[in-house]
Amino acid sequence: MTHDFETDSRQMLGRLRSVMAEEAAGQQRLDRITLLIAEEMRTEVCSIYLFRDEETLELCATEGLNPQAVHETRMRLGEGLVGRVARTGAIINTDDAPGTPGFRYMPETGEEAYCAFLGVPIQRLGEMLGVLVVQSREARIYSDEEIYALEVVAMVIAEMAELGAFVGEGAAMSARHQQAVLFRGTSAQEGAAQGHVWLHEPRVVVTNPIADDPKRELERLREAVDQLRVGVDRMLSTAVGGDKDQLQVLEAYRMFANSKGWMRRMEEDIGRGLSAEAAVEKEQSTARARMSQVSDNYLRERLHDLDDLSNRLLRILTGQGNQTGAEMPADPILIARNIGPAELLDYGRSLKGIVLEEGSVGSHAAIVARALAIPLVIHAERVTTEALNGDKILVDGDQGIVHLRPDDTVASAFRDKMAMQAQAQERYVSIRDKPAETLCGTRVTLLMNAGLMADLPSLDSSGAEGVGLFRTELQFLVRNHMPKRAELSGLYARVMEASKGKRVVFRTLDIGSDKVLPYMKAVNEPNPALGWRAVRVGLDKPGVMRMQLQALIRAAAGRPLTVMFPFVAQREEYTAAKAEMDKALERERILGHPLPASLEVGAMLETPSLAFAPDSFYREVDFLSIGGNDLKQFFFAADRENELVRRRYDTLNVSFLTFLESIVERCKTLGTPLSFCGEDAGRPVEAACLAAIGLHSLSMRPASIGPVKSILRRTDLTELRRVIHEARETGTQSVRPAVMTYLRGKL
Ligand code: PEP
Ligand code: MG
């Protein structure tokens, strides 16, 4: 039997469109669809299985199987052939279903009579919604054409589901984008926020998946692709001479935009009755499904490129640009797959919270979010697919949890949490101008970490006594070009002015490792955290460091200046960096610029090696600051960026505390001022322990100053030190349990 499959498929889609247009309840629509597919494909069975919840599929409509089984037969994800299609996203086509590994016999359906089985995923943009199955008695393999036709239909069913075609009275599935959804991600910035969704890239909605004039649709597709190619070529020509990575991405775009395979598949889809938009989206879905299976980074990136390109094409076709006319809510929670630091800064403090599908704790966007104290949850899988502009959303940055369209109970529990936080905030404000003096009378200096102009208002509002760490690289990271000396000195001068005489410790550029400047040639290193970074780069290629030191001296313009070199691993590195400082001073003196009223030059202690540097080093530096983030990662050999090992070793581990204590002792003996500026300084329990072992100058995120001061003012450090030492005597791995028992009630 030969068919003109294209005509058949168009006819099938034409009938599907009528079903879409009819006034009908969701269940009726599904029943009609299974009937029409069975008729059009001349097969005995057609069934639609949809997800009931994340783990369970339910038979929602069938033609040919026992009707009693509808809404009764369920299977778990991965269970049986249907479950396997849903889990893997791969088609199963067999002439011997009962003999196929994984087959699960469902007696209530009466399906044992059918040998041939073809199951295709119902998915939209990589999101699995269910499985569409046809079966027949005759032991046969379905042809490529039949598979293809079924895939096209599955795609339309997915679009219909998105448009809410199967909800309402007699609902076959619950309404999409209306249910409450919980996302478990990773916390990248603490704090709770409630607000309304603002999509960084609004979803494109395809309202016309089926078209009856393929010629017209082909024209529309070709026109849109031409427009896309011109756009990509324009981007390429303006990027010429620009950054290599960007060019590479654009070249990949061009490759896809001119790819015959991509075009051909979309043209075939249109030939079968899909609209141009639906054809683009079908290809995009396939690419996304592949993306989730591919582990090779290069391939994943290319699939990402294709995904971006499909988005552009969809926007051209639908005329739905980024400017959809939607108004940003007053309390926006930004939802994005990922976002760059510059884009995030554009939104600035207007955002109440941020939720990303990707990202990492140490990413630049996370650093900016932290600087702006905006709660941030990363790794919230599928959030961009689920959330719609204006949806109500709660972000729990402490737990890394996001509630989309929460029900009343969740919303009210969340309000309680926010009220408690507000109360605590009031408490912190009430002690803002009081010293961080412990019950035993020790004065601890609390400083803040900063890096952006946006941080500086916190100097007053947090009660910080100064800036213990100014991460100068942030200014380099948020630009797409190397800043000029005059730009930098202007900026540093503004920082000094805003600090109103409080001490600011400027750390010279700490790039390399996870902090890669977008406009500098990336170096391919097997272990970037152990690689060419920070002062190592500064000394090997001193141009930028010299420019920065000069900018700092000019910014000081006769005021006191404090400079710190990052990632010093041995004395000679410090000596060489200090020599650069001396040279810069001399140059400025000759040029007639005023020199700083006083100058302190110090080093960060971030590698265990420096703890064992000769005494002369400790005497040579004006001060030392422990960079706990790096020091801890090198002490335990556990990458601070790697989620698998990041939390494995406790800061209150006895070995680490003993190590820190030995540094404190050396500094005391040799008269070297010492402070601590890693993330742990901002965690109340850790901060109290650091103070107890003798670290009396702590630099942290501004938002942590209140909580840390609050606990310090209620703690007797002599007692806490005794608790730590006694716990250590017991041979415990971490002193945390003992410390927590002691501190209970003070937190
Ligand atoms: C540190 O390593 O603890 C530190 C403060 O520096 P950064 O986090 O910027 O590497
Ligand atoms: Mg560091």
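Biologist: How far is an oxygen atom of ligand 1 from a polar backbone atom of aspartate 630?
Modeller: The model is predicted: local features need pLDDT of at least 70, side-chain atom pairs count only at pLDDT 80 or more, and totals for chains, interfaces and linings use all residues. Residues count from 1 along each chain as its sequence is written, chains are lettered from A and ligands numbered from 1 in the order written, and side-chain values use heavy atoms, without hydrogens and water. A polar contact is a pair of N or O atoms within 3.5 Å; within protein, one must be able to donate a hydrogen and the other to accept it, and residues adjacent in sequence count only if both atoms are side-chain atoms. For aspartate 630, the distance is 3.0 Å.

Biologist: Which of the 14 residues around ligand 1 come nearest?
Modeller: A residue is near a molecule if one of its heavy atoms lies within 4 Å of it. Of the 14, five come nearest: Arg471, Arg507, Gly627, Asn629 and Arg640.

Biologist: Which residues coordinate the magnesium ion?
Modeller: Donors are N, O and S atoms within 2.8 Å of the metal (3.2 Å for Na, K and Ca); water is not among the atoms, so sites may look incomplete. The coordinating distances are 2.0 to 2.1 Å. The donors come from Glu606 (OE) and Asp630 (OD).

Biologist: How many residues apart are glutamate 606 and aspartate 630?
Modeller: Helices (H or I, at least four residues) and strands (E, at least two) are DSSP runs, numbered from the N terminus. Glutamate 606 sits in the loop between strand E20 (599–605) and helix H20 (608–611), and aspartate 630 in helix H22 (residues 628–636). The pair links distant parts of the chain, with a separation of 24 residues.

Biologist: Is aspartate 630 buried or exposed?
Modeller: Buried means under 20% relative accessible area, exposed over 50%, partly exposed in between (1.4 Å probe, protein chains only). Glutamate 606 has 2% and is buried. Aspartate 630 is at 2% too, so the class is buried.

Biologist: Which strands stand at the edges of the open sheet of 6 strands?
Modeller: The order is E3-E2-E1-E6-E5-E4, with antiparallel pairing; two strands pair if DSSP finds at least two bridges between them. An edge strand has a single partner, so one side is left without a neighbour in the sheet. That applies to E3 (74–76) and E4 (92–94).

Biologist: What angle does helix H4 make with E5?
Modeller: Axes are lines fitted to C-alpha atoms, for helices over the stretch in contact, and angles run from 0 to 180 degrees between N-to-C directions. Helix H3 (residues 80–88) lies across the sheet's strands, running at about 140° to E6. Helix H4 (residues 144–162) touches E1, E4, E5 and E6, where contact means heavy atoms within 4.5 Å. Its angle with E5 is about 40°.

Biologist: Which residues does arginine 220 touch, leaving out those up to four places away in sequence?
Modeller: Arginine 220 is in helix H5 (residues 214–239). The residue is buried, at 17% relative accessible area. The residues touched are Ala276, Glu277 and Leu317.

Biologist: What share of the 747 residues counts as buried?
Modeller: The chain holds 27 helices and 23 strands. Its C-alpha trace spans about 95 × 60 × 45 Å along the principal axes. The buried share is 54%.
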